[in-house]
Amino acid sequence: MLSQVCRSGFQSFTQRLLPWVQSTILNRSRHVQPSAIRHVRSWSNIPFITVPLSRTHGKSFAHRSELKHAKRIVVKLGSAVVTRGDECGLALGRLASIVEQVSVLQNQGREMMLVTSGAVAFGKQRLRHEILLSQSVRQALHSGQNHLKEMAIPVLEARACAAAGQSGLMALYEAMFTQYSICAAQILVTNLDFHDEQKRRNLNGTLHELLRMNIVPIVNTNDAVVPPAEPNSDLQGVISVKDNDSLAARLAVEMKTDLLIVLSDVEGLFDSPPGSDDAKLIDIFYPGDQQSVTFGTKSRVGMGGMEAKVKAALWALQGGTSVVIANGTHPKVSGHVITDIVEGKKVGTFFSEVKPAGPTVEQQGEMARSGGRMLATLEPEQRAEIIHHLADLLTDQRDEILLANKKDLEEAEGRLAAPLLKRLSLSTSKLNSLAIGLRQIAASSQDSVGRVLRRTRIAKDLELEQVTVPIGVLLVIFESRPDCLPQVAALAIASGNGLLLKGGKEASHSNRILHLLTQEALSIHGVKEAVQLVNTREEVEDLCRLDKMIDLIIPRGSSQLVRDIQKAAKGIPVMGHSEGICHMYVDSEASVDKVTRLVRDSKCEYPAACNALETLLIHRDLLRTPLFDQIIDMLRVEQVKIHAGPKFASYLTFSPSEVKSLRTEYGDLELCIEVVDSVQDAIDHIHKYGSSHTDVIVTENEKTAEFFLQHVDSACVFWNASTRFSDGYRFGLGAEVGISTSRIHARGPVGLEGLLTTKWLLRGQDHVVSDFSEHGSLKYLHENLPIPQRNTN
């Protein structure tokens with residue numbers, strides 16, 4: 001009876017497996033991103049994606065960004081990826097995720113192949129169950145139920161486990177792939193299948209035929225019969241199949257695949273064993289770099305280790321196949337790791353034969369860090385001297401700068417909208433204004449780094465100071481604004497911060513010469529490396545993941561750019577604003593002469609700016625008055641398209657187009673007009689639909705104005721002034737790195753002060769905390785001390 005119960009339990013488990021797989025995959029498939037669909041065709045009533053793919057196999061891809069062109073892909077699943085943590089049984093949820101990703105790529109028109117481990121683990125689970133069944137029957141007959149807990153399971157031979165688990169593993173894959181209307185086929189190989197010419201041709205023909213029929217081959221070593229691998233058994237120019245790493249590499253080269261993805265239980269290749277104090281993930285690995293890597297022990301399961309993976313990867317790379325080694329077990333990334341790799345995202349370690357001409361972005365980050373620390377130790381006069389020299393270079397090298405900018409404008413013609421072309425353009429007057437702003441920054445930098453904010457005498461001969469220090473390394477990402485580069489560089493120099501700059505490719509010529517001039521200025525005091533321009537093919541999303549190198553990200557560009565960076569930043573604070581929905585409230589006591597000037601300047605002077613007016617709130621009593629007519633006439637003359645808010649539309653018989661959303665940043669000659677009943681109504685509207693950027697009241701009533709100034713919760717709140725004054729240069733900050741609407745650290749136009757933080761300095765004489773206990777000899781004084789005034793002349 002006990003045997004029947006146990007056997008029925010195992011049968012019940014296998015019978016429940018297929019429905020579980022079906023429900024798991026169907027639930028996951030609901031989360032497939034529709035934006036990935038380009039061309040949809042139907043097969044078996046299930047739509048799938050096709051992408052234009054064509055590539056002649058020969059050389060491996062030189063850059064990650066080229067991986068999206070991979071047509072034929074091998075995915076190798078290591079034992080640690082396939083098996084559970086107890087090494088007995090499969091990680092079913094993880095496998096379902098991998099199958100989903102492989103299916104998505106297969107349905108895009110790619111040719112996918114799997115090299116999988118897992119037969120031994122699946123068989124071990126099954127054989128353990130069988131042994132428990134037989135032992136339980138014997139012990140139940142002889143010793144009673146109380147001794148079941150003491151049953152010992154013998155060590156299981158791997159070949160027997162593989163023989164028992166192979167069929168179950170394949171049945172599982174077939175059930176999973178069936179949910180995507182994809183057929184899978186099993187192929188078991190040994191070394192002989194590659195070394196015997198006839199068998200090799202047979203294997204090659206079988207694989208090509210399966211791929212031609214849109215079938216996913218699932219390949220594994222025939223562990224039931226394969227002999228143990230012999231050490232150093234590789235033939236000249238040939239890698240022996242002694243584990244699934246070498247099998248995947250051999251298969252990839254044999255089938256002329258474009259990409260081999262090796263999934264393991266670590267993020268990729270580290271320069272020393274993962275987990276050690278100084279271990280760093282290697283983003284790109286080049287042939288010949290093996291000497292710089294210290295390999296650790298192999299994973300908890302499987303035949304190979306990282307050293308075997310690197311050897312296999314380099315062999316495949318030499319054969320013309322690109323390779324990425326990545327983590328397939330991390331729950332936060334395993335659900336999209338394969339598709340991320342194919343999309344060219346910075347995941348794992350990419351093996352490349354082409355070394356970049358310059359430093360990697362990681363190396364640039366380290367140079368910016370060390371250069372920034374040297375910059376922070378300079379005297380204030382030395383930092384000011386660097387900025388003055390940069391200001392002089394902007395005017396002295398004006399012709400070279402404008403020539404480079406002309407190249408950018410010519411290349412951007414027809415590709416960029418008029419507002420972006422205006423941002424891209426440099427002129428003599430712009431360069432002169434930049435030089436003036438830089439000299440203002442130099443003057444204000446005299447009392448920035450190291451300024452004492454607070455002094456406290458904790459006890460006798462124990463004094464505490466709070467002083468200003470740089471934040472560290474800044475990453476500033478900007479679009480179509482080459483004039484942003486010297487402004488931000490000057491602020492970073494004045495505040496002693498290292499700086500990474502990522503400009504838009506549309507301004508590449510301008511950015512290059514401006515960066516060279518910045519480094520020339522920095523060289524006068526030996527800190528040339530403190531400011532780095534990222535010229536590699538790094539995607540913004542990849543830069544936002546460098547949390548160990550970057551302390552603050554500052555985006556300068558469209559609201560979409562800011563939102564994308566805020567979403568992509570992992571563990572790095574972002575300073576900025578996602579939208580600039582600026583309001584102007586025209587009160588019932590507003591001056592007729594002031595209103596039209598303020599509205600025109602706020603909306604029409606530079607409509608693409610983040611501080612341009614987007615919503616005009618008008619007091620109800622002003623409707624159908626000469627003031628209201630003047631506003632409308634002026635907007636009509638300036639060719640501003642008007643969108644009516646719901647309340648405003650209700651007052652009109654024939655209204656302009658009703659606004660789709662009251663929370664819109666137009667960035668063009670368009671304006672929303674809405675009616676409010678009072679100043680409080682205007683404030684409520686701003687808090688509901690605004691972006692906390694810049695908001696203005698126009699009124700002659702001082703009491704009403706002060707009420708507005710005190711109650712509107714925005715970074716900048718003005719009375720009878722244009723929204724366009726929300727700018728670091730106009731505020732007298734010299735320049736700004738951006739405008740922040742966050743509530744922590746800096747808010748509004750962020751100049752020099754916003755790039756500083758503080759640290760505490762405590763100077764004592766052998767003081768210990770125990771001296772201040774109840775029976776100690778010392779008492780806390782906590783006396784405020786005067787702050788010394790620094791000479792800023």
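Visitor: Before the sheets, what counts as two strands pairing here?
Guide: Two strands pair if DSSP finds at least two bridges between them. The model is a predicted one.

Visitor: Fine. Which strands form the open sheet with antiparallel pairing, and in what order?
Guide: That open sheet has 4 strands, ordered S25-S12-S11-S26, and the pairing is antiparallel.

Visitor: Which strands stand at the edges?
Guide: Strand S25 (756-763) and strand S26 (783-784) do; each has a single partner strand, so one side of each is left without a neighbour in the sheet.

Visitor: And how many bridges are there between S11 and S12?
Guide: S11, residues 452-459, and S12, residues 462-470, are joined by 6 bridges in the antiparallel sense. In one of these pairs, Val452 has Val467 of S12 as its bridge partner.

Visitor: What sits in the loop between S25 and S26?
Guide: His782 has its place in that loop. His782 is not a glycine, yet its phi is positive, about 50 degrees.

Visitor: Where is Ser480, and what is its phi?
Guide: Ser480 lies in the loop between strand S13 (473-478) and H16. Its phi is positive, about 50 degrees, although Ser480 is not a glycine. Most residues other than glycine have a negative phi.

Visitor: Ser480, buried or exposed?
Guide: Ser480 counts as buried, with 4% relative accessibility. The cut-off for buried is under 20% relative accessible area.

Visitor: Let's do the other sheet. What is the strand order with parallel pairing?
Guide: The order is S19-S20-S18-S17-S21-S22, an open sheet of 6 strands with parallel pairing. Its edge strands are S19 (641-644) and S22, and each of them pairs on one side only. On average, neighbouring strands in this sheet are turned by 20 degrees against each other, direction ignored.

Visitor: How many bridges join S17 to S18?
Guide: 5 bridges join S17 (residues 582-586) to S18 (residues 613-619), and the two strands run parallel. His583 has Thr615 in S18 as its bridge partner.

Visitor: Through which helix does the chain cross from S21 to S22?
Guide: Through H24, residues 702-711, and this β-α-β crossover is right-handed.

Visitor: Which strands does H23 lie across?
Guide: Helix H23 (residues 679-689) lies across S17, S18, S20 (670-676) and S21. H23 runs at about 170 degrees to S17.

Visitor: On to helix packing. At what angle do H12 and H15 cross?
Guide: At roughly 175 degrees, with the axes of H12 (residues 380-396) and H15 (residues 428-444) coming within 9 Å. H12 and H15 are therefore roughly antiparallel to each other.

Visitor: Which residues meet there?
Guide: H12 brings Ala384, Ile387, His388, Leu390, Ala391, Asp392, Leu394 and Thr395. On the H15 side they meet Leu431, Asn432, Leu434, Ala435, Leu438, Arg439, Ile441 and Ala442. By class, this contact of H12 with H15 has 11 nonpolar, 3 polar and 2 charged residues.

Visitor: How do H15 and H16 cross?
Guide: Their axes come within 10 Å and cross at roughly 10 degrees, with H16 covering residues 484-495. That makes H15 roughly parallel to H16. Leu434, Leu438 and Ile441 of H15 make the contact with Pro486, Gln487, Ala490, Leu491 and Ala494 of H16. The classes in this contact are 7 nonpolar, 1 polar and no charged residues.

Visitor: New topic, Arg545. Where is its place?
Guide: Arg545 is in the loop between helix H18 (540-543) and strand S16 (552-556). Arg545 is partly exposed, with a relative accessible area of 26%.

Visitor: What does Arg545 touch?
Guide: Leaving out residues up to four places away in sequence, Arg545 touches Lys345, Lys346, Val347 and Lys570. Arg545 and Ala568 are 7.5 Å apart in space, C-alpha to C-alpha, and 23 residues apart in sequence.

Visitor: Last one, the whole chain. How many helices and strands are there?
Guide: The chain has 24 helices and 26 strands. Of its 793 residues, 50% are buried. Among contacts between residues at least 6 apart in sequence, 74% join residues at least 24 apart.

How values were computed: Residues numbered from 1 in each chain as written. Predicted model: local features only at pLDDT ≥ 70, side-chain atom pairs only at ≥ 80, totals over all residues. Heavy atoms only, no water. Axes fitted to C-alpha atoms, helices over the stretch in contact; angles between N-to-C directions. Parallel < 35°, antiparallel > 145°, perpendicular 65-115°, else oblique. Contact = heavy atoms within 4.5 Å. Nonpolar A, V, L, I, M, F, W, Y, C, P; charged D, E, K, R; others polar. Right-handed = clockwise from strand over helix to strand, strands pointing away. Buried < 20%, exposed > 50% of the residue type's maximum accessible area, 1.4 Å probe, protein only.
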